[in-house]
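User: Could you take me through this structure step by step? I would like to start with the metal site.

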Amino acid sequence: MTDEAPQKMQEVALLKALLHLQDLDLRIEACKAREIEIPKQKSKFDVQKQRLAEELKDREKNLQNLQLEQRTCEGEIEQKNGQTSKYQQQLFQVKKNEEYQALLNEIEGMKKQIGLKEERIISLMIEIDEAKARLVQDKKRIEAELKGIDQQCAAIDTELVDAIKARKQLEKDREPVAAQIDAPTLARYMRVRNSKKTGPALVPLNDQVCTGCNMVLPPQIANEVLAGSKLHSCHLCGRLLYHITNVQELSA
Ligand SMILES: [Zn+2]
């Protein structure tokens with residue numbers, strides 16, 4: 001018992017260092033994930049900004065189309081007025097009654113068409129006024145939305161800078177902790193971490209079950225993990241194993 005005690009003390013200190021290292025590594029991992037995620041959020045905002053710009057362009061185009069139609073109608077009225085005056089002059093020149101009647105019909109038709117165009121212009125003027133008022137409101141709303149997006153983008157930029165700063169600090173903090181662990185154990189831990197990509201490489205044992213993969217371990221291995229005298233790996237998932245009582249023992 002007295003021979004085993006220093007050995008166990010060492011193993012417990014090693015375990016504690018490994019857990020500390022793992023905590024830092026998991027936090028570094030979370031920072032790296034955020035560093036990938038944050039720029040993605042920003043590209044979503046870029047899409048939103050583009051959509052708003054397109055919306056504004058559509059509204060402007062709509063107003064321009066109405067104004068263009070108004071000008072076209074005005075041109076047509078002018079043209080039809082000219083045609084009507086021509087017919088009116090021809091009235092003095094024709095000799096036959098049916099020709100005179102035909103011209104009167106033409107003039108009547110022209111006046112009807114002019115009347116319709118004038119009605120269209122009146123409704124267009126109302127539509128144009130409405131479109132202008134809407135455009136002013138839309139511009140105001142879109143500008144406010146764009147400002148909001150810019151603020152969120154700025155917040156994201158700050159968040160990214162913070163995430164990078166936090167990771168760099170954690171990486172610095174990691175160095176002295178890693179130095180407390182002997183090279184072969186550190187290499188073992190790193191091998192598991194690199195093979196798992198995410199999540200813990202060192203997991204607690206729950207009764208005889210590896211909490212990394214939920215498989216039952218042989219009783220002898222489970223007992224040795226519980227004894228805390230040797231660092232075992234799960235034979236199924238390869239994760240390093242520890243028992244919670246061994247960590248509590250140290251802090252007590
Ligand atoms: Zn396992």
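User: Which atoms coordinate the zinc ion?

Analyst: Please keep in mind that this is a predicted model. In it, the zinc ion is coordinated by the SG atoms of Cys210, Cys213, Cys234 and Cys237, at 2.2 to 2.3 Å.

User: What arrangement do the four donor atoms make?

Analyst: The arrangement is tetrahedral, because the angles that the four donor atoms subtend around the zinc ion are 105 to 113°. For four donors to count as tetrahedral, all angles must lie between 85 and 135 degrees.

User: What spacing do the donors follow along the chain?

Analyst: The spacing is C-x2-C-x20-C-x2-C. Cys210 belongs to strand 2 (residues 209–210), while Cys234 is in the loop between helix 4 (219–227) and strand 3 (240–242), so this pair ties together parts that are 24 residues apart in sequence.

User: Are Cys210 and Cys234 buried or exposed?

Analyst: Cys210 counts as buried because its relative accessibility is 0%. Cys234 has a relative accessible area of 3%, so Cys234 is buried as well. The cut-off for buried is under 20%.

User: And His235, buried or exposed?

Analyst: His235 counts as exposed, because its relative accessibility is 54%. The residue lies in the loop between helix 4 and strand 3. Its C-alpha atom is separated by 7.8 Å from that of Leu217, although the two residues are 18 residues apart along the chain.

User: Where is Asn214, and what is its phi?

Analyst: Asn214 is found in the loop between strand 2 and helix 4. Its phi is positive, about 65°, although the residue is not a glycine. Most residues other than glycine have a negative phi. Asn214 is also exposed, with a relative accessible area of 60%.

User: What about the phi of Asp207?

Analyst: Asp207 is not a glycine, and its phi is positive too, near 55°. It sits in the loop between strand 1 (202–206) and strand 2. With a relative accessibility of 67%, Asp207 counts as exposed.

User: Let us change topic to helix 3. How far apart are its end C-alpha atoms, and what should the span be?

Analyst: Helix 3 covers residues 183–196, which makes 14 residues. At 1.5 Å a residue it should span 20 Å, and its end C-alpha atoms are 20 Å apart, which agrees.

User: Which residues of helix 3 are buried?

Analyst: The buried residues are Thr185, Tyr189, Val192 and Arg193. They fall within an arc of 100° when seen down the axis of helix 3, so they line one face of the helix.

User: What lines the largest cavity?

Analyst: Its lining consists of 15 residues, and those nearest its centre are Glu11, Leu15, Gly228, Lys230 and Leu231. Helix 1 (4–90), helix 4 and strand 3 each supply at least two residues of the lining. Helix 1 gives the largest share, namely five residues.

User: Finally, where is Gln113?

Analyst: Gln113 is in helix 2 (residues 97–179). It is partly exposed, as its relative accessible area is 36%. The C-alpha atoms of Gln113 and Lys80 are separated by 8.1 Å, while the two residues are 33 residues apart along the chain.

How values were computed: Residues are numbered from 1 along each chain as its sequence is written. This is a predicted model: local features need pLDDT of at least 70, side-chain atom pairs count only at pLDDT 80 or more; totals for chains, interfaces and linings use all residues. Side-chain values use heavy atoms; hydrogens and water are left out. Helices (H or I, at least four residues) and strands (E, at least two) are DSSP runs, numbered from the N terminus. The expected span of a helix is 1.5 Å times one less than its number of residues. Buried means under 20% relative accessible area, exposed over 50%, partly exposed in between (1.4 Å probe, protein chains only). The arc is that of the directions from the helix axis to the C-beta atoms. Donors are N, O and S atoms within 2.8 Å of the metal (3.2 Å for Na, K and Ca); water is not among the atoms, so sites may look incomplete. Four donors count as tetrahedral if all angles lie between 85 and 135 degrees; four count as square planar and six as octahedral if opposite donors are over 155 degrees apart and all others between 65 and 115; anything else is irregular. On a 1 Å grid over the protein atoms alone, a cavity is a set of points where a 1.4 Å probe fits but cannot get out, and a pocket is an open set with protein on both sides within 12 Å along at least five of seven lines; lining residues have an atom within 4 Å of a point.
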